[in-house]
Amino acid sequence: MTLRRKTLLVIGLVLVCLIAIVYFFSNEILLGGFAEVESERAAANVLRARDAVTNDLDTMAAQTRDWSFWDDTYQFIDDENAGYIERNLEPDETFVNQQVNFMLFINAAGELVYSRTFDVAEGVFVPPSEEVLSLTTDYPLLLEHADPNDSKTGIIMMAAGPALVASQPIVTSEGEGPIRGSLVLGRYIHQDQVDAFSDLTHLAVSIMPYEGEELPEDYGRAKDNLSGAGDVFVQPLDKEAIAGYTRLDDINGQPALVLKIEQPRQIYGQGLTSMRYFIYALIGVGLASILAIILLLERMVLSRMARLSGEVTEIAERGDHKARVHVSGNDELSRFGEVMNRMLAALEQSQEDLRAYNDELDAKVRQRTRELRDRVATLRTLSEIDREVNAAMHVEPLLKVVCMRTAELLGAPVTLIALADGSTDRPAESCGLSAATISDRAIARHLEKVLEPRPHGNEGDAAVSESLDLDDPVSGDFYRQAGARSGIMVPLRIDGAVLGVIEALDDEPREWRDDEVQALELLAGQLTQALGRARLYEMELARRGELSVLFDLSRDLNESEQDPDVILAKVTRHAVENIKVTFAIAALIEGDEIVPRVGYPIRILDYDLVTHGRGKMSSLPFIRKVIEEDSPVIVHRDGGCLNRLEQVIVMPGDTASTCIVPLRSGDSKMGILILGESRSAQREPIDGEKLELARSMCDQTASALKRAELFQEIQEAYMQTVLALANAVNAKDSYTADHGQRMGDMAMALGEAMEMGRADLETLRYGAILHDVGKIGVPDSILLKPGSLDHEEWQRVKEHPAIGEQIVTPVRHLAGATKIVRHHHERFDGSGYPDGLAGENIPLGARILTVVDAYCAMTDERVYKSAVGHDEAIEELKAHSGTQFDPAIVDAFIRRFSRKTDAA
């Protein structure tokens, strides 16, 4: 489309929009004013009609008073003389003139003295109906008069139709008592009565029962909007008429009738006519303005722009960024030509820079992807190794499994595990040599050297070497025969003693990553634990009971969560049930204090095991000595070796004796396990066998605690990698630098408005930061494409939630975030992807993130689109509320981010 056509189209659209805006605001303001005046007038007319009914009730009350405040009536209610009836009640003029349908005379005892019913329409007396005779019993209010001036009026719904009823006390003509009874007059509200109301108010009045079975539609809407007897509801019936409604309650205050008035919409019609003439005039002025603007633009701008466009098109077709445009004059177009020339020069340079940047970014992304895949594979392999190690109960198969799996895990051609004999500290067993032929003497001398105690007490540190010392007189021969150029060696330690080493060697110089070192340390911990279990199994096969206990504890710990308190809770329970002591307490060193963390059972001897005390290590000399010497001890209450604070921690309540066992992993001093005994005839004392079993259980506990710590570090490293990957994706997808953090902050603010808990809010924040991490699997040619995507490209983009779920799933404490990452493109009406979930089947966090993501997508500047304003984005959210978005969350978003500054 040419610029001229676009200009004409834009000016036309501006005119149309201007007319639409003027029409809208005129319709809202001008016609709204007419409609408001019209509604107020209708409401006033409703009140006039209601006042007519009220006046009619007042008139009937006055008529009733004329009869009840009369000596003849006062006498009649006492003696029931027939003359009163003949003189006053026989003539039908009494009923015709006063438009009365029935009269009831009731004495002070509530008994009916006389009744008369008159059919005004036919002009004849009729027998009173049972409904009329039972009025005084159905409505006892009619007979309740506190004084001579106490009258009762109102509406009563009867089978013959609604009736206006008035009741007055019967007293003397001077209004004196005592009250001898009540006089009740009633008049049915038939159509002639309604017509009388219409004539009186000059309005079209109609009345319908409030509880009618088949009320017209407009009466039904009015009934829903009338909550009280004084309310007025007005609604247009069509373009020609408007109606007003009010509710009339019966004498007991219950809804009885709906009164309606109808009037023509003259005011609104006049407003529509005025609006029509105004729009015609605006169109005429607009067309004239368009013609004048086009002529001026053609002469002053469009022709010059056409020339400039031709030169730019020619440069683009040739692809010659060295060419320049020529524009004469000294105005914006000429300056634009100068800017265009500078842009062409800058474009030439920026293309080179962008090409270099894309190459660098692609390399980083590929590297990050490889690292991520390697770490995922590492976690899975470690889990498989853990299962295999736990399944092996003999040393030889155990070593073979670990050697093979270590080679797979680290990609090391040669792996070696060496175990030291407990009495000689000399090589006992080795296996796993592969990809080389190595003499037994070279292996033996190398293992003898690496198992020697190291100075400075650093035997527990991992040794990492990028280039091995091939000239070493002992190990050099082994390394040369193995063809090794670099390697990692980690000692196998338990209870402070070195059981052996595990070593991985490579035939090329290699930079061993931190996660590879951590993985080997974790493997060493698994192997150490398994070796301890296997050695006990082989050496003490006769003591199956104790080994069964240790095996059950190990399995329980391996299957438990990586939570120290969970691990300690299982250990204390196993200790009480299998070592046969009264209670067990696990206390950990936290800073300079030792703190009881878990006790089993929780209460014993009316004493809470885990709240009885804590103390600084400097105040606990005996406990500190036990931990430093790494040797379990048995303490008796009368032993005198504990100070008062240690007595509180170690021997709570009436404890007779305790066994204190240190918790250590390598050089790491973790805490103590306290086994307490309340001595009785049924209990055996804590002896050496129990002490040994307790020591073994503490070794497993320490290894499990250390494994939990290492596992948490690996999880954290993986999580940091995922977060870095998310930032890389944001950079690729042309987000701003703080896009992920801003998404997380907005999502948490909206989650707080939805009253989510703290744990759910933290999950929501990670889900927001990581929601588009799966775009790492979408090619840049699709992700950064400035135009529309074809079907195949769009299907590739729609895969990113599932890819993101696979990336995030290995991080245990991001389990909740995986659902948010997978479902943040689901739609409330079920038309989203990848699973087509709808409504509340979509996780709440995903529904919140869908709204926040849509808002940020609209308000952020992107390669393929321009940003929109806050208000326009809010309108889009409203427009898709209930289809794409959860309406409740959209409402909460608008309330929380009512201004652009709030969203920012």
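Buried means under 20% relative accessible area, exposed means over 50%, and partly exposed lies in between, using a 1.4 Å probe and protein chains only.

A word on the model itself. It is predicted, so local features need pLDDT of at least 70 and side-chain atom pairs count only at pLDDT 80 or more, while totals for chains, interfaces and linings use all residues. Residues are numbered from 1 along each chain as its sequence is written, and side-chain values use heavy atoms, leaving out hydrogens and water.

Now for the whole chain. Its secondary structure comes to 29 helices and 23 strands, where helices (H or I, at least four residues) and strands (E, at least two) are DSSP runs numbered from the N terminus. Of its 904 residues, 44% are buried. Among contacts (heavy atoms within 4.5 Å) with a separation of 6 or more, 60% join residues 24 or more positions apart.

In one, 6 strands form an open, antiparallel sheet in the order β3-β2-β1-β6-β5-β4; strands pair if DSSP finds at least two bridges between them. Its edge strands, β3 (124–126) and β4 (152–158), each pair on one side only. β4 is joined to β5 (residues 161–169) by 7 bridges, and M157 stands opposite P162 in β5. Helix α3 (residues 82–89) packs on this sheet, touching β1 (102–107), β2 (112–119) and β3, and its direction makes about 20 degrees with that of β2. Such angles run from 0 to 180 degrees between N-to-C directions, with axes fitted to C-alpha atoms, for helices over the stretch in contact.

The other sheet is open and antiparallel too, with 4 strands in the order β7-β10-β9-β8. β7 (204–209) and β8 (232–236) stand at the edges with a single partner strand each, so one side of each has no neighbour in the sheet. Between β9 (residues 241–249) and β10 (residues 255–264) there are 9 bridges, and T246 stands opposite L259 in β10. Helix α8 (residues 217–225) packs on the sheet and touches β7, β8, β9 and β10.

The axes of α20 (residues 739–753) and α21 (residues 758–770) come within 8 Å and cross at roughly 150 degrees. α20 and α21 are therefore roughly antiparallel; angles under 35 degrees count as roughly parallel, over 145 as roughly antiparallel, 65 to 115 as roughly perpendicular and the rest as oblique. Residues of α20 including A747 and M748 meet residues of α21, among them L761 and L764.

Finally, look at F711 in helix α19 (residues 688–732). F711 is partly exposed, with a relative accessible area of 22%. F711 and A519 are 192 residues apart in sequence and 9.1 Å apart in space, C-alpha to C-alpha.
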